[in-house]
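Please read it beside the sequence and the structure.

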Amino acid sequence: MSEDKKTQKSALQVNPGIEAPPIVNPYAMENLRKKRRKLLSVDEYCDGILSGNRTILSQAITLIESSLPEHNVLSRDIIERCLPYSGKSIRIGITGVPGVGKSTFIEALGNEITRQNHTLAVLAIDPSSERSKGSILGDKTRMETLSVNDKAFIRPSPSAGSLGGVARKTRETIILVEAAGFDTIFVETVGVGQSETAVHSMVDFFLLLMLAGAGDELQGIKRGIMEMADALVINKADGENINKAMMAKTQYNSALQLFPPSPSGWKPRAMTASALQTTGIKELWETISEYISKVNGNNYFDTKRKEQSKFWMHETINESLRNAFYQNQDTANNIKVLEQKLLDNKISPFAAARQLLNEHNTRTNS
Ligand code: GDP
């Protein structure tokens, strides 16, 4: 497989080491450059998406990821038009530290559920290109069989901009893939930071992959992330690792008992699996199905989705306000001046912030 193909197939893509993250998703740019096709009309995009045309779906996602204003206007219209057809999938978040086996696991679970006639879209939020400016996962061929599975659609992470921006784009992409008819969505993220919270706020079920024998500290798993999980899966429960994995499962199950009860009424559980040998995969899917029927029964499913919609409205407002402020050239110049004043002890941080906000408001209101 060529290098180019390899990178295209990865859902959780990391950029090579570069100083500043690009403003535009590089895949989007590549697609735009390669095709430079004329933009379609909103009707054409929507008809294509609703009829399950993957090429048009991909192009529309590229518009969401683009930073060009004309693309954003178009993508907003497409999202609004697709919205009534969205919402019908089961959204599952999958996290875990690099090396825990996320892509192998997604491949195993993805192939299992597509065998059961589900259709699957795999999306990702990958903040690591911004955080580490380098690749921890980039050189691997990932999800080889799933990427040629015709019931699955894998989309690399939009890697541009702030975590908030990247997460919003993934949140919007969910609407399009749902309108295209995918009934199950995986949103993958690297378990190293705040991206879990963003993923948790866009999924129905949150799955944390772990390893036996590595302390929580070692796995970088914070208690808060464990508290978000609806299931913990101890992966690599195979070969000599089986006993350790079983022990870890017992320990985690007792630890989970100590967490406060969830408003969903669901008791999170720890399980073992081997993504490589595809054991424990069916059981996990049964657990997810059990969860979904429970939260459908007690209405928590809808309540949570409504809460998430509110959350995304506020996130989008915050992101827009922040962008409008920081991307304004006059404001950017003023910030430099005020920063220097701050360093010279001529102004307090609070007064500097107030002055910048006031000047920005006056400028944008005039
Ligand atoms: P990711 O970085 O979390 O996406 O992890 P990968 O899926 O790329 O897996 C990292 C390594 O662990 C690879 O060498 C996999 O073959 C291996 N691996 C993944 N799942 C299992 C498993 O269930 N058992 C064993 N023994 N190895 C696994």
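Buried here means under 20% relative accessible area. By that cut-off, K102, S103, F105, I106, E107, A108, L109, G110, N111, E112, I113 and T114 of helix α6 are buried. The model is predicted.

**Overall fold**
- The protein chain has 15 helices and seven strands.
- Of its 366 residues, 49% are buried.
- Among contacts between residues at least 6 apart in sequence, 78% join residues at least 24 apart.
- The protein chain exposes about 18,100 Å², and carbon and sulfur atoms supply 54% of that area.

**Helix α6**
- Helix α6 covers residues 102–115 and has 14 residues. From its first C-alpha to its last, α6 reaches 20 Å, close to the 20 Å expected at 1.5 Å a residue.
- Because 12 of its 14 residues are buried, α6 is largely enclosed by the rest of the structure.
- The buried residues of α6 pack against the strands β1 (90–96), β2 (120–125), β4 (184–190), β5 (205–211) and β6 (231–235), and against helix α12 (281–297).
- Just after α6, N117 takes a positive phi of about 75°.
- E112 counts as buried because its relative accessibility is 9%, whereas R115, at 63%, counts as exposed.

**Other salt bridges**
- A search of the whole structure finds 10 salt bridges.
- D43 and R81 meet through their side chains in a salt bridge of 2.7 Å, N to O. D43 lies in helix α3 (residues 42–50) and R81 in helix α5 (residues 69–82), so the pair ties together parts that are 38 residues apart in sequence.
- D43 is partly exposed, with a relative accessible area of 42%, and R81 also counts as partly exposed, at 40% relative accessibility.
- The side chains of E65 and R155 form a salt bridge of 3.0 Å, N to O. This pair links distant parts of the chain, 90 residues apart: E65 is in helix α4 (residues 54–65), and R155 is in the loop between β3 (152–154) and α8 (163–179).
- E65 counts as buried at 2% relative accessibility, and R155 counts as buried at 8%.

**Surface patch**
- M313, I317 and L321 make a nonpolar surface patch of about 300 Å².
- M313 lies in helix α13 (residues 300–326) and, at 47% relative accessibility, counts as partly exposed.

Notes
Residues are numbered from 1 along each chain as its sequence is written. This is a predicted model: local features need pLDDT of at least 70, side-chain atom pairs count only at pLDDT 80 or more; totals for chains, interfaces and linings use all residues. Side-chain values use heavy atoms; hydrogens and water are left out. Helices (H or I, at least four residues) and strands (E, at least two) are DSSP runs, numbered from the N terminus. Buried means under 20% relative accessible area, exposed over 50%, partly exposed in between (1.4 Å probe, protein chains only). Contact means heavy atoms within 4.5 Å. Accessible areas come from the Shrake-Rupley method with a 1.4 Å probe; for residues, only the protein chains shown count as cover. Patches are made of residues with over 30% relative accessible area and no salt bridge: like charges are joined within 9 Å, nonpolar side chains (Val, Leu, Ile, Met, Phe, Trp, Tyr) within 5 Å. A salt bridge is a side-chain nitrogen of Lys or Arg within 4 Å of a carboxyl oxygen of Asp or Glu. The expected span of a helix is 1.5 Å times one less than its number of residues.
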